[in-house]
Every structure is written in C-alpha cells, then in structure tokens.
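Please look over the structure below with the report that follows beside it. The text takes a few topics in turn and ends with residues from the loops.

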Amino acid sequence: MAHTNKTLAEDLETVFLVTSTEYSFLSSSVVREIARFGGPVDHLVPANVAIALAERFPKVPMG
C-alpha cells in the first residue's frame with residue numbers, strides 16, 4: 001500500500017496504526033495455515049478450536 005501511494009504522489013507519507021489484538025480481525029485461513037505448519041494457535045482461538053486444529057493437522061517431525 002505504501003509503495004502504491006508513493007507512485008501516486010511522491011510527497012505522500014503513509015502511516016500504519018495497529019489496533020490492539022482484541023479489536024483486530026483474524027482470518028480463519030490464516031489460523032488454519034499456522035496450524036497446518038505446526039505453529040501455535042491456542043492464543044488465537046478458543047481451546048476447543050485449538051484442539052480440533054491439532055487433531056486435524058498433527059505435528060510432523062522435521063528431519
């Protein structure tokens with residue numbers, strides 16, 4: 001977005017303000033992708049959802 005804005009107006013500055021987690025939107029696709037690659041999702045979703053995702057995407061040992 002910032003680069004696109006610069007191409008439209010060279011003197012334009014873009015500022016991003018990040019909201020607190022409780023007011024932000026989190027896509028279910030992103031949560032599934034994190035779980036699929038073995039990342040922790042328990043801090044992003046309710047416990048029952050984290051358990052279901054762990055069952056759906058079991059961790060595979062690397063190596």
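In this predicted model, the count of salt bridges comes to 1. The partners are Arg 36 and Glu 33, whose side chains meet with a distance of 3.6 Å from N to O. Both residues belong to helix H2, where they stand 3 residues apart, which is about one turn of the helix. Arg 36 is partly exposed, because its relative accessible area of 49% falls between the limits of 20% and 50%. Glu 33, at 38% relative accessibility, also counts as partly exposed.

Helix H2 covers residues 28–36, and at its start a side-chain oxygen of Ser 27 comes to within 3.1 Å of the backbone nitrogen of Ser 29. After the helix comes Gly 38, a residue with a positive phi, near 85°.

Which residues make up the largest nonpolar core? This core has 7 residues in all, namely Val 31, Ala 35, Val 41, Val 45, Ala 50, Leu 53 and Phe 57. At least two residues of this core are supplied by H2, and at least two by H3. Leu 53, which is one of the core residues, is in contact with Val 31, Arg 32, Ala 35 and Val 41 when its neighbours within four places in sequence are left aside.

On the surface, by contrast, Leu 26, Val 30 and Leu 44 form a nonpolar patch, and together these residues have about 210 Å² of accessible area. Leu 44 is placed in the loop between H2 and helix H3, the latter spanning residues 47–56.

Is Asp 11 buried or exposed? Asp 11 is exposed, because its relative accessible area of 70% is over the 50% limit. Phe 16 is likewise exposed, with a relative accessible area of 54%. Even so, Phe 16 touches Met 1 and Ala 2, if residues up to four places away in sequence are not counted.

| Pair | Separation in sequence | C-alpha to C-alpha distance |
|---|---|---|
| Asp 11 and Val 41 | 30 residues | 40 Å |
| Phe 16 and Met 1 | 15 residues | 10.0 Å |

Val 41, named in the table with Asp 11, is also a member of the largest nonpolar core, and Met 1, named there with Phe 16, is one of the residues that Phe 16 touches.

Definitions and conventions: Residues are numbered from 1 along each chain as its sequence is written. This is a predicted model: local features need pLDDT of at least 70, side-chain atom pairs count only at pLDDT 80 or more; totals for chains, interfaces and linings use all residues. Side-chain values use heavy atoms; hydrogens and water are left out. A polar contact is a pair of N or O atoms within 3.5 Å; within protein, one must be able to donate a hydrogen and the other to accept it, and residues adjacent in sequence count only if both atoms are side-chain atoms. Helices (H or I, at least four residues) and strands (E, at least two) are DSSP runs, numbered from the N terminus. Patches are made of residues with over 30% relative accessible area and no salt bridge: like charges are joined within 9 Å, nonpolar side chains (Val, Leu, Ile, Met, Phe, Trp, Tyr) within 5 Å. Accessible areas come from the Shrake-Rupley method with a 1.4 Å probe; for residues, only the protein chains shown count as cover. A salt bridge is a side-chain nitrogen of Lys or Arg within 4 Å of a carboxyl oxygen of Asp or Glu. Buried means under 20% relative accessible area, exposed over 50%, partly exposed in between (1.4 Å probe, protein chains only). A nonpolar core is a set of buried Ala, Val, Leu, Ile, Met, Phe, Trp, Tyr and Cys residues joined through side-chain atoms within 4.5 Å. Contact means heavy atoms within 4.5 Å.
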